[in-house]
Amino acid sequence: MADHAPRAEAFAERVADQVRPYAVKLHHARRRIATAGVFAITAWLFIHVMFGPNGMVVYRQKKAEYQVLQKEVQNLQKDNDKATDEVTALKEDPKTIEKEAREQLHYAKPGEVIYVAPAPPPQQHPTTDSARK
C-alpha cells in the first residue's frame, strides 16, 4: 500500500491543479453569487406573499366577501327583528289584532258598514298598426 501513495498524491495534485482555476473564479464571484441568491429569494418571497394561496390578492377578495356577508347578516337580523316585533304585536297588542282582522278578514264592529271598491277593469291595448311604424 505504501507503494501506491506517491501515485495517489500525484493524482490528487493533478485534480487540484485542474479544479484550482474554477475555485479561484468562484471565490472572486462569491459576492455576485450571494447577491443573486438573495435577490432570487426576495423575488420568490414577494411572489408568494402577493399571489400565494394565502397571499394579499386572496386576502383582499376574502375581506370584500366578508364585508358583503356582514351587511347581509345585518339586513337579515333587521328583518328578523321586524318579524319578531310583528309576531309579538299580533299575540299581545289588541290594536294590532283588530287592525289585521279588519284589513285581512273584513271584520266589522256591530253597526259598521264596510265598503269594498270593485276591482279595476283590465286595460285593453289598441290594436292599431301605428305603434309598429
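Predicted model: local features only at pLDDT ≥ 70, side-chain atom pairs only at ≥ 80, totals over all residues.

Q: What does the secondary structure of the protein chain come to?
A: The protein chain has 4 helices and 0 strands. Along the sequence, the pattern reads α-α-α-α.

Q: What radius of gyration does the protein chain have, and what would a compact globule of 133 residues have?
A: The protein chain has a radius of gyration of 44 Å, whereas a compact globule of 133 residues would be near 14 Å. Along the principal axes, the C-alpha atoms fill a box of roughly 135 × 60 × 30 Å.

Q: How many of the residues count as buried?
A: Of the 133 residues, 2% count as buried. The protein chain exposes about 13200 Å², and 61% of that area is supplied by carbon and sulfur atoms.

Q: Now the surface. Which residues form the nonpolar patch?
A: Phe46, Ile47, Phe51 and Val57 form that patch, and together they have about 420 Å² of accessible area. Helix α2, residues 30–51, contributes the largest share, with 3 residues.

Q: Where does Phe51 lie, and is Phe51 buried or exposed?
A: Phe51 lies in helix α2. Phe51 counts as exposed because its relative accessibility is 57%, and the cut-off for exposed is over 50%.

Q: Which residues form the negative surface patch?
A: The negative patch is made up of Asp79, Asp81, Asp85 and Glu86. One of these residues, Asp79, is placed in helix α3, which covers residues 56–92. Asp79 has a relative accessible area of 46% and is therefore partly exposed.

Q: And the charges as a whole: how many positive and negative side chains are there?
A: There are 20 positive and 17 negative side chains in the protein chain. The centres of the two sets lie 14 Å apart.

Q: How many salt bridges does a search of the whole structure find?
A: The search finds 5 salt bridges. One of them joins the side chains of Glu98 and Arg102, at 3.1 Å from N to O.

Q: Where do Glu98 and Arg102 lie?
A: Both lie in helix α4, residues 94–105, and they are 4 residues apart, about one turn of the helix. Glu98 is partly exposed, with a relative accessible area of 34%. Arg102 is also partly exposed, at 29%.

Q: What about Lys109 and Glu98?
A: Their side chains meet in a salt bridge at 3.5 Å, N to O. This pair links distant parts of the chain, with Lys109 in the segment after α4 and Glu98 in helix α4, 11 residues apart. Lys109 counts as partly exposed because its relative accessibility is 45%.

Q: With which residue does Arg102 form a salt bridge at 2.7 Å?
A: That partner is Glu112, and 2.7 Å is the distance between the closest N and O atoms. Arg102 is in helix α4 and Glu112 is in the segment after α4, so the pair ties together parts that are 10 residues apart in sequence. Glu112 has a relative accessibility of 38% and counts as partly exposed.

Key. Residues numbered from 1 in each chain as written. Heavy atoms only, no water. Patch = residues over 30% accessible without salt bridge, like charges linked within 9 Å, V, L, I, M, F, W, Y side chains within 5 Å. Areas by Shrake-Rupley, 256 points an atom, 1.4 Å probe, with all protein chains shown as cover. Salt bridge = Lys/Arg side-chain N within 4 Å of Asp/Glu carboxyl O. Helix = DSSP H or I, 4+ residues; strand = E, 2+ residues; numbered from the N terminus. Buried < 20%, exposed > 50% of the residue type's maximum accessible area, 1.4 Å probe, protein only. Lys, Arg positive; Asp, Glu negative; His and termini not counted. Charge placed at Lys NZ, Arg CZ, Asp CG, Glu CD. Rg over C-alpha atoms; globule rule 2.2 N^0.38 Å.
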